[in-house]
Amino acid sequence: MGDARPRQVNVRVLAATNVDLHAEVAAGRFREDLLFRLNTIEIQLPPLRDRRDDVAPLANFFLRKHATRYGKPLTSFDNAAMQALLEHPWPGNIRELDHVVELALLLAQGEQVRASDLALRATPTPHARAAGVTLE
């Protein structure tokens, strides 16, 4: 027969926010007890717009990740595409960069992502060539 005692399960939560949770607790909009449960280690990481040196390595990482996922033989960004990535303000932070690279990979026709493959806009609008892309 098996042991009828309940098993203890440990859960780790990794969360990110752009909100000052201590200020939210003080304003009564976030539970203090929950903050104490979650806040074991706090890492302050500046937004991507303040870390321009991270844009190229992250973009290349996302390109490799999505090229593998979709089975596309893209290897790099052309110079104009990389310059556009470096100059973009990244209001959506790293998630925006990941999505921009994924869409560019899906739209690209050659071995490199070109600037014209990038959908970099302050307000997202549908990319003209995205109509032919399927979920498959």
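Predicted model: local features only at pLDDT ≥ 70, side-chain atom pairs only at ≥ 80, totals over all residues.

Biologist: Fine. How many helices and strands does the protein have?

Modeller: There are 5 helices and 2 strands. Going along the sequence, the pattern reads α-α-α-β-α-α-β.

Biologist: And what share of the residues count as buried?

Modeller: Of the 136 residues, 25% count as buried. On contacts, if you take those between residues at least 6 apart in sequence, 62% join residues at least 24 apart.

Biologist: Which of its residues are buried?

Modeller: Glu96, Leu97, Asp98, Val100, Val101, Glu102, Ala104, Leu105 and Leu107.

Biologist: What do those buried residues pack against?

Modeller: They pack against helix 3 (55–70), strand 1 (76–77), helix 4 (79–87) and strand 2 (112–113).

Biologist: Glu96 is on that buried list. Why does glutamate 96 count as buried?

Modeller: Because its relative accessibility is 15%, and the cut-off for buried is under 20%. Leaving out residues up to four places away in sequence, glutamate 96 touches His88, Trp90, Pro91 and Arg121. Its C-alpha is also 9.4 Å from that of leucine 120, which sits 24 residues away along the chain.

Biologist: Trp90 is one of those partners. Where is tryptophan 90 found?

Modeller: In the loop between helix 4 and helix 5. Tryptophan 90 is buried, with a relative accessible area of 0%. Its phi is near 50°, a positive value in a residue other than glycine.

Biologist: Is asparagine 93 buried or partly exposed?

Modeller: Partly exposed, at a relative accessible area of 29%.

Biologist: What about proline 89, where does it lie?

Modeller: Proline 89 lies in the loop between helix 4 and helix 5. At 46% relative accessibility, proline 89 counts as partly exposed. Beyond its neighbours within four places in sequence, proline 89 is in contact with Arg49 and Arg52. Proline 89 and arginine 121 are 32 residues apart in sequence, with 9.6 Å between their C-alpha atoms.

Biologist: Changing topic: where does leucine 48 lie?

Modeller: Leucine 48 is in the loop between helix 2 and helix 3. Leucine 48 is buried too, with a relative accessible area of 0%.

Biologist: Which residues is leucine 48 in contact with, leaving aside its neighbours within four places?

Modeller: Asp54, Val55, Leu58, Trp90, Asn93, Ile94 and Leu97.

Biologist: How far is leucine 48 from asparagine 93, in sequence and in space?

Modeller: They are 45 residues apart in sequence and 5.4 Å apart in space, C-alpha to C-alpha.

Biologist: Last stop, aspartate 117. Where is aspartate 117 found, and is it buried or exposed?

Modeller: Aspartate 117 is in the segment after strand 2, and it is buried, at 0% relative accessible area.

Biologist: What lies 2.8 Å from a polar atom of its side chain?

Modeller: The backbone nitrogen of arginine 114.

Biologist: And how far is aspartate 117 from leucine 107?

Modeller: Their C-alpha atoms are 6.0 Å apart, and the two are 10 residues apart in sequence. Leucine 107 is in helix 5 and counts as buried at 4% relative accessibility.

Key
Residues numbered from 1 in each chain as written. Heavy atoms only, no water. Buried < 20%, exposed > 50% of the residue type's maximum accessible area, 1.4 Å probe, protein only. Helix = DSSP H or I, 4+ residues; strand = E, 2+ residues; numbered from the N terminus. Contact = heavy atoms within 4.5 Å. Polar contact = N/O pair within 3.5 Å; in protein donor to acceptor, adjacent residues only side chain to side chain.
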